[in-house]
Amino acid sequence: MAAQSESRESSSVARQLRRVRTLYAAGVLLWAASSIGTAWSSPGSRPMWTSVLLLVVFASLLGLSSWWLRRLGPGRAAAGEQRRSVSVRASAPARHARV
């Protein structure tokens, strides 16, 4: 019973991390565009450095969420899948077969 609840929790965590990662990627794109625009219009200004700071924050959050998602691994992140290892033993031909 514990294994099923653990797989449900890890799959919901992975799903939530994917959603948040998309949000962080959008934030990185937004703040990169804002940083470029403010650097072009008024380089070295306070709004430019604020945009750069927010770009660094969102890029860090994106990297951290991607790292957490990678740590979950494909076996845990698969939603509802339970993979069982099946060992298949190849039969060796008989050396002293009598006909």
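**From a surface leucine to an aromatic pair**

With a relative accessible area of 31%, Leu61 is partly exposed. The model under discussion is a predicted one.

Leu61 belongs to helix α2. Together with Leu53 and Val57, Leu61 forms a nonpolar patch on the surface, and the accessible area of these three residues is about 230 Å² together. A residue needs over 30% relative accessible area to be part of a patch, and Leu61 has 31%.

What links parts of helix α1 and helix α2? A pair formed by Tyr24, in helix α1 (residues 2-41), and Phe58, in helix α2 (residues 46-77), ties together parts that are 34 residues apart in sequence. A search of the whole structure finds 1 aromatic pair. Its rings, those of Tyr24 and Phe58, have centres 6.2 Å apart and planes at 75°. Planes over 60 degrees apart count as edge-to-face, so the pair of Tyr24 and Phe58 is edge-to-face.

The two partners fall into separate accessibility classes under the 20% cut-off. Tyr24 counts as buried, at 17% relative accessibility, whereas Phe58 is partly exposed, with a relative accessible area of 21%.

For the chain as a whole, 19% of the 99 residues count as buried. The accessible surface comes to about 8,200 Å², and carbon and sulfur atoms account for 61% of that surface. Among contacts between residues at least 6 apart in sequence, 70% join residues at least 24 apart.

Definitions and conventions: Residues numbered from 1 in each chain as written. Predicted model: local features only at pLDDT ≥ 70, side-chain atom pairs only at ≥ 80, totals over all residues. Heavy atoms only, no water. Phe/Tyr/Trp six-rings, centres within 6.5 Å; stacked < 30°, edge-to-face > 60°. Helix = DSSP H or I, 4+ residues; strand = E, 2+ residues; numbered from the N terminus. Buried < 20%, exposed > 50% of the residue type's maximum accessible area, 1.4 Å probe, protein only. Patch = residues over 30% accessible without salt bridge, like charges linked within 9 Å, V, L, I, M, F, W, Y side chains within 5 Å. Areas by Shrake-Rupley, 256 points an atom, 1.4 Å probe, with all protein chains shown as cover. Salt bridge = Lys/Arg side-chain N within 4 Å of Asp/Glu carboxyl O. Contact = heavy atoms within 4.5 Å.
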